[in-house]
Amino acid sequence: MNLPTVRLYNTLTRRKEELRPLEDGVVRIYSCGPTVYRYAHVGNLRTFMFPDLLRRSLEYLGYHTEQVMNVTDVGHLTDDTFERGEDKMLVTARLENKSTEEIAAAYTDAFLDDIRKINIRPAARYPRATEYIPRMIELIGQLVAQGNAYVADGNVYFDISTFPSYGKLSRNTVDKLMAGHREAPDPRKRHPADFTLWKGAGEHRAQVWDSPWGPGFPGWHIECSAMSMSIFGDRFDIHTGGADNVFPHHESEIAQSESIAGHPVVSIWMHGGMLMLAGSRMAKSAGNFFRITELEDQGFDPLAFRYLALQAKYRTQLNFSTDGLAGADRALRQLRERVAEWSSEQGAVSEEWDGRFRASLADDLDLPAAMALVAELSRSNVAPADKAATLLAWDRVLGLDLERGGRPHELPVGAAELLAQRERARAAKDFATADALRDRLKAMGVSVADPRVSD
Ligand code: AMP
Ligand code: ZN
């Protein structure tokens with residue numbers, strides 16, 4: 001098949017490499033997905049948008065893609081780096097007084113709603129960790145039998161001394177690992193950097209499974225080895241995640257999967273950059289985060305977040321601010337209006353411009369360069385109808401709903417809800433609230449004219 005060459009940055013080798021799919025023309029992508037014990041914030045969504053852009057770009061260039069995204073519903077401890085604390089699912093289940101299954105189902109639904117709002121296309125499959133426990137037990141058993149893992153006191157640990165290249169992905173040396181380790185290491189570990197494959201149940205009553213090592217639950221990293229290799233086999237093309245997954249999660253996945261397979265499993269490791277807020281990583285634990293629905297309630301088009309994210313290279317950090325988002329929101333609405341004006345006649349995709357667009361995508365998903373082309377084409381003297389046709393073709397990758405400006409009477413997203421709230425406030429004669437809502441609507445470009453009651 002004659003497909004264009006695509007170069008992607010491989011975290012493992014620290015350089016851009018040519019994508020050579022194992023099966024001609026088909027790219028298999030495993031993406032680390034959400035842990036479903038809380039709502040996703042827009043930082044999480046940025047990390048999930050990046051494999052969506054990868055898929056859309058590859059498909060635009062003529063490849064087929066098969067994406068699998070796991071849903072972590074067990075095994076994620078409150079302190080993953082040093083493997084301390086409780087399983088996050090259990091903590092939330094207790095706080096919300098629900099079963100872990102109910103928690104997982106509710107937050108998985110919320111996740112799917114959130115990604116839909118920003119046009120992230122669903123993965124082909126969403127395997128859940130709890131569906132793969134027997135497979136995890138099997139892999140752990142194999143690692144123990146091979147001498148890569150040892151049992152201590154109902155726990156099973158991976159012995160990193162049996163995998164000398166441990167650290168090759170993150171460049172974390174054992175010394176560096178030790179330096180960050182202030183508290184006394186788990187005395188059951190032979191080496192402080194050995195990581196947990198199976199954890200004895202201890203006091204846990206929920207989310208506990210029987211195993212050859214007694215009742216317990218799996219470590220977080222073994223989930224992704226089990227799910228990726230169960231679905232794709234022991235070789236696949238691309239593995240994605242956030243930059244914070246490089247260590248310990250993906251480093252440990254490599255140790256497990258390669259010890260099982262006896263050879264590299266993943267061709268290209270790709271990681272998305274963090275979304276920052278006021279200088280720190282957006283994080284639920286630190287309390288500095290936004291959900292996409294909150295931004296929508298403030299009157300922003302959720303796709304303005306997508307527009308904002310497209311302007312930064314996927315692997316760099318991106319600073320989030322509501323001012324920046326407001327700028328993106330305005331630019332997006334303007335672009336849609338112009339596309340609507342330009343599409344009054346039938347146009348054709350400009351091959352010259354499209355060639356440049358494709359070249360940006362093939363160069364390690366250079367979406368900022370692609371967005372610069374959007375601006376340049378908009379200003380160019382290309383025939384308006386051809387501009388529109390070209391931009392609408394590009395929107396298959398950008399996912400900005402650029403055709404939406406053709407419906408000029410449509411309210412901005414979130415406005416209908418505010419109008420309804422204002423109606424309720426007026427009905428309740430709460431005019432202060434009604435006035436405040438009128439101001440918010442005005443800021444969104446919606447003016448409200450109330451019927452006069454009497455003169
Ligand atoms: P979690 O649901 O906590 O497992 O997180 C889902 C994904 O979000 C993980 O793969 C993280 O890499 C990613 N993530 C967490 N915080 C941020 C952030 N501030 N910016 C970008 N991605 C993030
Ligand atoms: Zn994972």
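## Ligand 1

A polar backbone atom of M282 lies 2.8 Å from a nitrogen atom of ligand 1. The protein covers 94% of the 500 Å² of accessible area that ligand 1 has on its own; accessible areas come from the Shrake-Rupley method with a 1.4 Å probe, and for residues only the protein chains shown count as cover. Two further pairs involve this ligand: a backbone N or O atom of G43 is 3.0 Å from a nitrogen atom of ligand 1, and an N or O atom in the side chain of N44 is 2.9 Å from an oxygen atom of ligand 1. A polar contact is a pair of N or O atoms within 3.5 Å; within protein, one must be able to donate a hydrogen and the other to accept it, and residues adjacent in sequence count only if both atoms are side-chain atoms.

There are 17 residues around ligand 1, of which T35, T47, D244, N245 and L275 come nearest. A residue is near a molecule or strand if one of its heavy atoms lies within 4 Å of it. Helix α1 (residues 42–60) supplies the largest share of the shell, four residues. Ligand 1 sits in the largest pocket. A pocket is an open set of points on a 1 Å grid over the protein atoms alone, where a 1.4 Å probe fits, with protein on both sides within 12 Å along at least five of seven lines; a molecule sits in a pocket if more than half of its atoms lie within 2 Å of its grid points.

## Model and conventions

This is a predicted model, in which local features need pLDDT of at least 70 and side-chain atom pairs count only at pLDDT 80 or more, while totals for chains, interfaces and linings use all residues. Residues are numbered from 1 along each chain as its sequence is written, chains are lettered from A and ligands numbered from 1 in the order in which they are written, and side-chain values use heavy atoms, with hydrogens and water left out.

## Zinc site

C32 (SG), C224 (SG) and H249 (NE2) coordinate the zinc ion (ligand 2) at 2.0 to 2.2 Å. Donors are N, O and S atoms within 2.8 Å of the metal (3.2 Å for Na, K and Ca); water is not among the atoms, so sites may look incomplete. The donor residues of the zinc ion are spaced C-x191-C-x24-H in sequence. C224 lies in helix α6 (residues 220–232) and H249 in helix α7 (residues 246–261), so the pair ties together parts that are 25 residues apart in sequence. Helices (H or I, at least four residues) and strands (E, at least two) are DSSP runs, numbered from the N terminus.

C224 counts as buried at 1% relative accessibility, and H249 counts as buried at 1%. Buried means under 20% relative accessible area, exposed over 50%, and partly exposed in between (1.4 Å probe, protein chains only).

## Backbone features

The peptide bond from F247 to P248 is cis, with omega near 0°. P248 lies in helix α7.

N97 is not a glycine but has a positive phi of about 55°. N97 lies in the loop between α2 (88–96) and α3 (100–117) and is exposed, with a relative accessible area of 71%. L365 has a positive phi near 50° and lies in the loop between α11 (351–362) and α12 (367–379). L365 is buried, with a relative accessible area of 3%.

## Sequence and spatial separation

R306, in helix α9 (residues 302–310), counts as buried at 0% relative accessibility. R306 and N44 are 262 residues apart in sequence and 13 Å apart in space, C-alpha to C-alpha.

Note on methods. 1 Å grid on protein atoms, 1.4 Å probe; cavity = no way out; pocket = protein on both sides within 12 Å on 5 of 7 lines; lining within 4 Å.
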